[in-house]
Amino acid sequence: MTKNTFALGGDLTINRVGFGAMRLTGPEQWGMPADPEAAKNVVRRAVELGVDFIDTADQYGPFTSEQIVADALDPRSENVVVATKGGLVRFGPNPQLKNDATPQHLRDALDGSLRRLKTDRIDLYQLHRIDPEIPVEVTFEFLRSAQDAGKVRHLGLSEVTVDEIKKAQEFFKVTSVQNRYSIGERDAEPVLEYCQANGIAFIPWFPIGGGDMGEHDALSDVAEAHSTGIRQAALAWLLHHAENILLIPGTSSVGHLEQNMTAGNLQLTADEMTALDALSAAQSK
C-alpha cells in the first residue's frame, strides 16, 4: 500500500496526486487558451476530484496559467496549495525562453505572481532554473530574503543536481525539487534518492514522458490487469517507487484529468513493481 498524502515542508499535508497547470495556456504555452472558461473548469474538476496541490509558473502563457488557476479557485483557494515558479522569461511560443534569476527579475516575478494568484503569500515558490550567468549565491540570498519577508511559505528548486540542492540548503530549507523524471527517464534518480533521504518532496515534470509512453509489454500487462491505461500505470509506478514523489500530470481535458486521477487508486503488486522496475531500468540506459 502506498501513502496517499505527503507533508509538504512538514506542515502542509496534501494529496500526492496533484495537477500541473502548464497545459492550460494557448498552443506551445503562448497566450490564452481558445476557451478560457473550459480551462477553468478543468481546474475546478481537479479540485472536485480531490486535488489540493496545483503547480503553475509565471512563464506559462506567460502569466495566463496563473490567472486561470486563480480565477478558477477563487474563493476556494484557501484549501488548495498553489505552487508557482520564477526565473525563466518567455518571449514567444516554445522554445523561446531565457534564464533570469537576478534579484531584480525575481522580485518583479514574485510580486506579479502574488497579484495574479490573489494572495499575500505563495505556498511554494520554486526557482524555475538556476541562471548560469548569475552567481548562485546571489539568487539564493534573494529567495531567502523573500521568505524572511513573508512573501513565500516554502521554497523549492527545479532541474538541479544534488550538489546544487546542498548549496541551496546553506541559505534556506529546500522543500521540493522538480526535475524531469518518468518510468522511461531516470537520469534524476540520484536527486530523487537524496530528496527521499532528506524529507524533500520530489515532483517529476513530464511524469509520463509528455504522454508518449510507447508500447511496452510490462506497462500493458499492468494496465490490463487493473483495467486502466498505460499512462495511468506509469503514474502509479511513480507513486509506488518513492513515497516523497508528488504527481502533477497536466492536461487541458477534463476527460484526461479524470483518467489520470485514477492512478492514485491503483495498488500495484510486488511482482508488477518488479516488472516495471526492470522496464524503467532498461529504458533509462
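Tutor: Two strands pair if DSSP finds at least two bridges between them. Strands (E, at least two residues) and helices (H or I, at least four) are DSSP runs, numbered from the N terminus. The model here is predicted, so local features need pLDDT of at least 70 and side-chain atom pairs pLDDT 80 or more, while totals for chains, interfaces and linings use all residues. Residues are numbered from 1 along each chain as its sequence is written, and side-chain values use heavy atoms, without hydrogens or water.

Student: In what order do the 7 strands of the open sheet run?

Tutor: Read across the sheet: β3-β4-β5-β8-β9-β10-β11, with parallel pairing. β3 (19-20) and β11 (201-202) each have a single partner strand, so one side of each has no neighbour in the sheet.

Student: Over how many bridges do β4 and β5 pair?

Tutor: Strand β4 (residues 53-55) pairs with β5 over 3 bridges, in the parallel sense. Ile54 has Val82 as its bridge partner in β5. On the β8 side, β5 has 4 bridges, again parallel. There Lys85 stands opposite Gln126 of β8.

Student: Is β5 mostly covered or uncovered?

Tutor: Judge by relative accessible area: buried is under 20%, exposed over 50%, partly exposed in between (1.4 Å probe, protein chains only). For β5 (residues 81-86), 6 of its 6 residues are buried. Val81, Ala83 and Lys85 point one way, Val82, Thr84 and Gly86 the other, and all are buried.

Student: Which strands does helix α4 lie across?

Tutor: Compare axes, which are lines fitted to C-alpha atoms, for helices over the stretch in contact; angles between N-to-C directions run from 0 to 180 degrees. α4 (residues 136-148) lies across β8 (122-127) and β9, running at about 155° to β9.

Student: Does Lys40 count as buried or exposed?

Tutor: Lys40 counts as buried because its relative accessibility is 16%. Its place is in helix α1 (residues 36-48). Contact means heavy atoms within 4.5 Å. Leaving aside residues up to four places away in sequence, Lys40 touches Ile68, Asp71 and Ala72.

Student: Now the largest pocket. What is its volume?

Tutor: Rolling a probe the size of a water molecule over the atoms shows where empty space is left. A pocket is an open set of points on a 1 Å grid over the protein atoms alone, where a 1.4 Å probe fits, with protein on both sides within 12 Å along at least five of seven lines; lining residues have an atom within 4 Å of a point. The largest pocket has a volume of about 590 Å³.

Student: Which residues lie nearest its centre?

Tutor: Of the 36 lining residues, Met22, Arg23, Trp205, Phe206 and Gly250 do. β6 (88-90), α8 (230-241) and α9 (254-261) each supply at least two lining residues. The largest share, 3 residues, comes from α9.

Student: Where is Trp205 found?

Tutor: Trp205 sits in the loop between β11 and α7 (217-225). At 23% relative accessibility, Trp205 counts as partly exposed. Beyond residues up to four places away in sequence, Trp205 touches Arg129, Glu159, Gln178, Asn179, Arg180 and Tyr181. Asn244 is 39 residues from Trp205 along the chain, and their C-alpha atoms are separated by 14 Å.

Terms used:
Points joined across faces, edges and corners; volume = space filled by probe spheres on them.
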